[in-house]
Amino acid sequence: MTPFTRESAALMRLPVANVDTDQLIPARFMKEPRRPEGYGRFLLRDLVAEGTAPAPAPGQTILVARRNFGCGSSREAAVYALADFGFRAVIAPSFGDIFASNCVKNGVVPATVSEEDAERLLGIEALPATVDLEAQTIACGNVVVPFRIDPVWRTQLLNGWDDIDLTLAEADSIAAFTARDVAERPWAAPRRD
Amino acid sequence: MNSPASLFDRLWDRHVVKRREDGLSLLWIDRHFVHEGSHHAFGQIAARGAKVARPDLTFGVADHYVPTRGRGGPVPDASIARMVDQLSANTAAHGITLFGLDDPRQGIVHVTGTEQGLTLPGLTVVCGDSHTSTHGAFGAYAFGIGASEVAHVLATQTLWQKKPKRMRISVEGATAPGITAKDIMLTIIATIGADGAAGHAIEYAGTAIRALSMEGRMTLCNMSIEAGGRCGMVAPDGTTVAYLKGRPFAPDGALWDRAQEDWAGLASDADAVFDREVALEAAVIAPTVTWGVSPEQALPITAAVPDPEAMADPVKAAAARDAIAYMGLTPGQPLASVPVDRVFIGSCTNSRIEDLRAAAKVLAGHRARVPGMVSPGSSLVKQQAEEEGLARIFTEAGLEWVASGCSMCVGMNGDTVPAGERCASTTNRNFKGRQGPGARTHLMSPAMVAAAAVTGKLTDVRQFA
Ligand code: SF4
């Protein structure tokens with residue numbers, strides 16, 4: 001995963017609340033066991049078609065939206081679509097929990113701002129914005145706003161760590177846990193007869 | 001003396017393999033369900049040459065893409081056939097038990113997994129599907145994960161997690177006749193908002209929750225995600241134990257006795273502390289329907305479509321304006337007058353035997369005025385419903401009785417609501433396009449959907465009592 005420190009690029013403004021993962025990538029585009037590369041062209045397809053969302057433009061890599069962004073299904077394809085299009089940071093007053101966690105796994109920063117700051121950023125005409133993960137600020141024109149992010153996620157994004165490698169290094173702790181657990185909860189194994 | 005603990009604290013503590021300085025904990029996962037959509041994760045572990053760490057704790061179910069018609073024959077849509085075949089190939093390659101397309105136990109993962117007794121109190125349960133929260137009804141810590149996390153669980157049987165905050169939602173008193181778990185949950189979501197429980201593990205408590213059957217508790221926990229919660233749970237009790245006894249994968253003999261002793265100690269202490277408490281009065285809950293495109297846009301059936309111009313919050317007003325336009329409604333229009341074009345009974349929210357009985361009770365002796373589809377939650381529920389004569393009631397009413405799968409909940413298998421049509425649905429998401437591009441979804445209980453089928457419009461089911 002590519003480490004993230006700071007990103008400066010055009011800001012996509014999406015003044016919509018409750019944008020769910022079905023909007024980020026409609027289910028019908030997931031009918032093939034295809035690779036996530038190429039999902040970017042389906043991003044926000046239906047919201048753009050009905051005129052609720054502006055079409056994402058090449059070069060935009062930061063997105064700001066209203067509350068509860070990425071709610072709904074756990075489909076990581078929603079983040080694949082964003083990342084494949086080129087997005088590296090999403091800004092909103094609140095996020096769907098699983099979506100935000102999926103963002104981090106794919107090197108995309110979920111930046112939580114206050115409702116007022118989200119409205120300020122949404123109100124700015126197309127200027128480039130800068131998301132600074134170390135300073136935890138978003139700058140756009142002469143507006144600079146702070147954002148919140150889980151400190152663990154921040155470290156992961158700054159370092160570009162891969163979870164599976166970290167965990168495989170814990171093999172001893174896991175073995176100790178399971179040895180104890182089998183003795184304490186013998187009933188927890190699925191019955192097979 | 002130990003400090004007081006909540007059910008969630010106990011579940012969490014019991015599964016911590018390792019606690020890291022930064023606040024992340026490595027959690028042991030007791031059950032992992034995979035479905036057709038899990039192919040990205042299998043691809044990720046194949047790419048790193050990893051094996052599935054614990055195939056014995058991993059179970060596959062074909063549900064998201066499976067056809068609901070013409071079962072037993074070849075799958076007509078080539079891309080859907082490939083999704084289903086890929087799941088069979090991935091599970092076979094790793095020695096994972098699969099409830100595949102032609103297995104008599106096949107069904108929606110959250111219906112099959114629970115009815116097989118795979119989900120037990122005190123377990124951690126994950127699946128690459130947000131409605132994994134359903135399994136919390138048993139007093140398990142059950143949550144949906146993304147594809148990268150699915151790959152992580154496949155490779156290690158663990159997950160790095162940050163402990164969510166604790167929230168207790170209490171519903172006290174008795175509900176009025178005809179009020180179901182779905183009405184309770186839609187009312188909760190309308191009250192706290194679709195992100196009202198974000199970052200929280202919800203425990204449902206109170207006399208109205210205790211009174212619910214396991215089916216009702218599953219409906220409730222299922223939609224925790226629609227309230228923004230990480231998971232939802234109900235402490236195990238006699239209802240839980242009675243449901244689990246004799247289920248195929250549940251413990252038996254001496255292990256069953258030992259399990260019951262452990263489960264008895266799971267409930268929250270009387271003085272357990274929660275980060276947030278919400279209390280609702282059961283008696284005021286009415287049959288509830290959604291009018292918009294977020295589950296929080298829900299009202300009693302006796303209410304009218306709200307007027308965005310009268311809303312104080314400009315962001316809420318903008319969302320309502322957009323929702324009303326998409327849904328083709330008019331502010332001030334009584335909800336109970338809105339005509340529907342079709343109905344759907346199914347999904348992991350409301351497709352269990354009790355749901356089908358409730359719908360059949362309303363439909364018995366009537367003809368549906370609109371077309372519709374009934375998809376049981378599992379192939380075993382289908383069989384039972386046929387034996388009980390429920391299937392006949394549905395077909396005699398003119399509804400289509402089909403095989404089990406996610407079907408019209410998400411439309412991935414081609415069961416969709418045509419653009420512009422309005423569907424009364426027992427599912428969990430009324431998002432734009434969820435049931436098909438341009439589809440208009442109203443969420444409600446199975447009995448309310450049945451009532452809408454009979455009258456051809458959104459209807460207060462209490463007039464059928
Ligand atoms: S029935 Fe719907 S909500 Fe449930 S698992 Fe299937 S797609 Fe998800």
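A salt bridge is taken here as a side-chain nitrogen of Lys or Arg within 4 Å of a carboxyl oxygen of Asp or Glu. The model is predicted, so local features need pLDDT of at least 70 and side-chain atom pairs count only at pLDDT 80 or more, whereas totals for chains, interfaces and linings use all residues. Residues are numbered from 1 along each chain as its sequence is written, chains are lettered from A in the order in which they are written, and side-chain values use heavy atoms, with hydrogens and water left out.

Over all chains, the structure holds 38 salt bridges. In one of them, the side chains of Arg67(A) and Asp195(B) meet at 2.9 Å, N to O. This pair joins two chains, because Arg67(A) lies in the loop between strand S2 (60–65) and helix H3 (77–85) of chain A, and Asp195(B) in the loop between helix H6 (181–192) and strand S10 (200–205) of chain B. Helices (H or I, at least four residues) and strands (E, at least two) are DSSP runs, numbered from the N terminus. Arg67(A) counts as buried at 11% relative accessibility, and Asp195(B) counts as buried at 17%. Buried means under 20% relative accessible area, exposed over 50%, and partly exposed in between, with a 1.4 Å probe and protein chains only.

Within chain B, Arg342(B) and Glu421(B) form a salt bridge through their side chains (2.7 Å, N to O). The pair links distant parts of the chain, 79 residues apart: Arg342(B) is in strand S15 (residues 342–345), and Glu421(B) is in the loop between strand S17 (400–401) and strand S18 (422–425). Arg342(B) is buried, at 19% relative accessible area. In another salt bridge, the closest N and O atoms of Glu396(B) and Arg392(B) are 3.0 Å apart. These two residues are 4 apart in helix H14 (residues 390–396) of chain B, and so are separated by about one helical turn. Glu396(B) is partly exposed at 47% relative accessible area, while Arg392(B) is exposed at 57%. Salt bridges with shared partners also join Asp181(A), Glu184(A), Arg185(A), Arg14(B) and Asp30(B) into one network.

The structure holds 2 cavities of 30 Å³ or more. On a 1 Å grid over the protein atoms alone, a cavity is a set of points where a 1.4 Å probe fits but cannot get out, and lining residues have an atom within 4 Å of a point. Grid points are joined across faces, edges and corners, and a volume is the space filled by probe spheres set on the points.

The largest cavity has a volume of about 440 Å³. Of its 34 lining residues, Ser74(A), His35(B), His64(B), Gly128(B) and Asp129(B) are the closest to its centre. Helix H2 (39–47) and helix H5 (147–156) of chain B are the elements that give two or more residues to this lining. By class, the lining has 14 nonpolar, 15 polar and 5 charged residues. Ala, Val, Leu, Ile, Met, Phe, Trp, Tyr, Cys and Pro count as nonpolar, Asp, Glu, Lys and Arg as charged, and the others, Gly among them, as polar.

The second largest cavity has a volume of about 130 Å³. Among its 16 lining residues, Cys71(A), Gly72(A), Gly96(A), Ile225(B) and Gly228(B) lie nearest its centre. Its lining comprises 8 nonpolar, 6 polar and 2 charged residues.

Chain A has 8 helices and 7 strands. Of its 193 residues, 58% count as buried.

Definitions and conventions
On a 1 Å grid over the protein atoms alone, a cavity is a set of points where a 1.4 Å probe fits but cannot get out, and a pocket is an open set with protein on both sides within 12 Å along at least five of seven lines; lining residues have an atom within 4 Å of a point.
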